Amino acid sequence: MEATGAASQPSAPQTTHPAVAPLAFLLGKWRGEGEGSFPTISSFRYGEELLFSHHPSKPVISYTQKTWKTASGEPMHAESGYWRPRPDGSVDVVIAQSTGLAEVQKGSFDAEKKTVTLQSELVGNASKVKQITRTFQVADGELSYVVQMATITTSLQPHLKALLRRI
Ligand code: HEM
């Protein structure tokens with residue numbers, strides 16, 4: 001019989017870098033729908049795909065997101081970045097948005113509750129946005145998140161809420 005990687009190892013093969021393991025609940029491709037709102041705009045619905053990927057030799061998760069108009073499929077916002085979980089339960093995240101805005105986020109995660117909470121430390125190249133928070137939760141195989149923002153005219157309020165399934 002052909003030997004598999006798993007069979008030739010004394011224990012299960014390492015598929016996740018130890019630093020990334022506590023955030024393994026995020027890994028994979030997710031697709032779903034969200035709703036955008038803010039006191040200054042009309043609310044809207046969008047389709048979304050998220051990809052959290054990593055290589056077992058690197059202590060970092062690569063992140064890409066794309067969104068589209070639900071009715072037409074026309075592309076909307078996109079972003080990508082890197083997530084670095086730290087041994088103390090904190091996580092450093094950098095995100096570049098298709099609008100040109102750049103985020104440095106710091107936060108914490110709970111591997112058992114499968115939650116991540118991020119708060120912007122720096123929002124760069126933004127004409128209106130002062131602050132961004134992001135919370136993620138994985139439960140029953142679904143990933144949900146809420147993105148809030150504060151702008152020059154409006155205090156911290158939800159802008160995006162979405163629910164995605166692993167594909
Ligand atoms: C509006 C920021 C993500 C779609 C806005 C505004 C800001 C903003 C500052 C204008 C609000 C105002 O004028 O008071 C952000 C930030 C995001 C984000 C910081 C991520 C952290 C997204 C995503 C989508 C989206 C993912 C689409 C799926 C829209 C739309 C508007 C809007 C459709 C209304 C535009 C209009 O009415 O002219 N966003 N956005 N945004 N955003 Fe976002």
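Predicted model: local features only at pLDDT ≥ 70, side-chain atom pairs only at ≥ 80, totals over all residues.
Is E103 buried or exposed? I started my notebook with that one, and E103 turns out to be buried, with a relative accessible area of 2%.

**Entry 1: around E103**
I placed E103 in strand 6, which covers residues 102–110. Next I looked for a polar partner, and I found that its side chain makes a polar contact with the side chain of Q105 at 2.5 Å. Then I set aside the neighbours within four places in sequence and listed what else E103 is in contact with: V93, V94, I95, Q97, L122, I132 and R134.

**Entry 2: the ligand and its iron**
Q97 came up again when I turned to the ligand, as it is among the closest of the 18 residues that surround it. T40, F44, K128 and H159 are the others named as closest.

Which protein atom is the donor to the iron? I found a single one, NE2 of H159, 2.2 Å away from the iron atom of the ligand. H159 sits in strand 10, residues 157–166. I also noted that a side-chain N or O atom of H159 is 3.0 Å from a nitrogen atom of the ligand.

T40 has a polar side-chain atom 2.6 Å from a ligand oxygen, and K128 has a side-chain N or O atom 2.7 Å from a ligand oxygen.

Beyond its neighbours within four places in sequence, T151 is in contact with F38, K128, V129 and K130.

**Entry 3: the nonpolar core**
How many residues does the largest nonpolar core have? I read 31, and those with the most contacts inside it are L23, L26, F52, W83, V116, L143 and Y145. Among the elements that give two or more residues to this core are strand 1 (28–38), strand 2 (41–53), strand 9 (142–151) and strand 10. My background note here is that nonpolar side chains tend to be buried together in soluble globular proteins.

**Entry 4: the record**
Last, I checked UniProt, where an unreviewed entry lists residues 20–166 as "domain: THAP4-like heme-binding". In the model, this span is 0% helix and 69% strand, and its end C-alpha atoms lie 18 Å apart.

Terms used: Residues numbered from 1 in each chain as written. Heavy atoms only, no water. Donors = N, O, S within 2.8 Å, 3.2 Å for Na, K, Ca; no water. Helix = DSSP H or I, 4+ residues; strand = E, 2+ residues; numbered from the N terminus. Core = buried A, V, L, I, M, F, W, Y, C linked by side-chain atoms within 4.5 Å. Buried < 20%, exposed > 50% of the residue type's maximum accessible area, 1.4 Å probe, protein only. Contact = heavy atoms within 4.5 Å. Near = heavy atom within 4 Å. Polar contact = N/O pair within 3.5 Å; in protein donor to acceptor, adjacent residues only side chain to side chain. UniProt positions renumbered as here; feature names shortened; annotations may be inferred.
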